[in-house]
Amino acid sequence: MRMLHTMLRVGDLERSLAFYTDVLGMTLLRRKDYPQGRFTLAFVGFGPESDNTVIELTHNWDTEAYQLGDAYGHIALGVEDIYATCTAIQAKGGKVVREPGPMKSGGSTVLAFLEDPDGYKIELIQLASRAFANA
C-alpha cells in the first residue's frame, strides 16, 4: 500500500487552485467536472500521482464554505529553507499564521504554519532540522 491523496472540500475552487499552484508551487495534475453530482475534483501536487501523494480539492457547486471542525489537524510539507519559503509565500499573498522557528515544546525541529483560503492549516518543516528516523 501507499498513500494516494488527501481530500479537502473547498468553497471556491479557482481561489484554492490559485493558492496551491501560484503560492505553494504545486501543479494542477487533473480536473474533472461531475455535472450530475454538481461537483468538481481537482488534483494538485509536486509531481505526478504515479510517484507522489497529492491533494484532491473537492468543490461542491452548491456549497460556498465549510465548518472545519476541531478534528482536522494539518497537511505537512518539507522545505529546504523555511525562512525563504515563508517570505516567498507572503510575497505571493499567502498567510503565515505561525512564523518560522523551533517547535515550542522543545526539540530541534524548525517549523511554520500557513493557512489556505478555506482556513486549512499547512505546516512547513525545515528538512535539515528534522530527523525522520526519530519522528
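Helices (H or I, at least four residues) and strands (E, at least two) are DSSP runs, numbered from the N terminus. The model is predicted: local features need pLDDT of at least 70 and side-chain atom pairs count only at pLDDT 80 or more, while totals for chains, interfaces and linings use all residues. Residues are numbered from 1 along each chain as its sequence is written, and side-chain values use heavy atoms, with hydrogens and water left out.

**The whole chain**

Along its principal axes, the C-alpha trace spans about 50 × 30 × 30 Å.

Next, display the surface. Of the 135 residues, 39% count as buried, where buried means under 20% relative accessible area, exposed over 50%, and partly exposed in between (1.4 Å probe, protein chains only).

**The largest nonpolar core**

Hide the surface and turn to the largest nonpolar core, which has 26 residues. Such a core is a set of buried Ala, Val, Leu, Ile, Met, Phe, Trp, Tyr and Cys residues joined through side-chain atoms within 4.5 Å. Select Tyr20, Leu24, Ile55, Leu57 and Leu124, the residues with the most contacts inside this core. At least two core residues come from each of helix H1 (13-23), strand S3 (39-45), strand S4 (54-60), strand S5 (75-79), helix H2 (82-91), strand S7 (110-115) and strand S8 (121-126). H1 supplies the largest share, five residues. In soluble globular proteins, nonpolar side chains tend to be buried together.

Select Leu124, in strand S8. Is leucine 124 buried or exposed? Its relative accessibility is 1%, so leucine 124 counts as buried. Contacts (heavy atoms within 4.5 Å) can now be displayed; leaving aside residues up to four places away in sequence, Leu124 touches Leu77, Val79, Ile82, Thr85, Cys86, Ile89, Val110, Leu111, Ala112 and Leu114. One of these, Val110, is 14 residues from Leu124 in sequence and 8.5 Å from Leu124 in space, C-alpha to C-alpha.

Move to Ile55. Which residues does isoleucine 55 touch, not counting those up to four places away in sequence? They are Thr6, Leu8, Tyr20, Met26, Ala42, Phe43, Val44 and Ile75.

Gly37 lies in the loop between strand S2 (27-34) and S3. With 44% relative accessibility, Gly37 counts as partly exposed. Select Asn60 as well: Gly37 and Asn60 are 23 residues apart in sequence and 8.4 Å apart in space, C-alpha to C-alpha.

Arg38 lies in the loop between S2 and S3. Phi of Arg38 is near 60 degrees, a positive value in a residue other than glycine. Arg38 is partly exposed, at a relative accessible area of 39%.

Finally, go to Glu64, in the loop between S4 and S5. Glu64 counts as exposed, with 71% relative accessibility.
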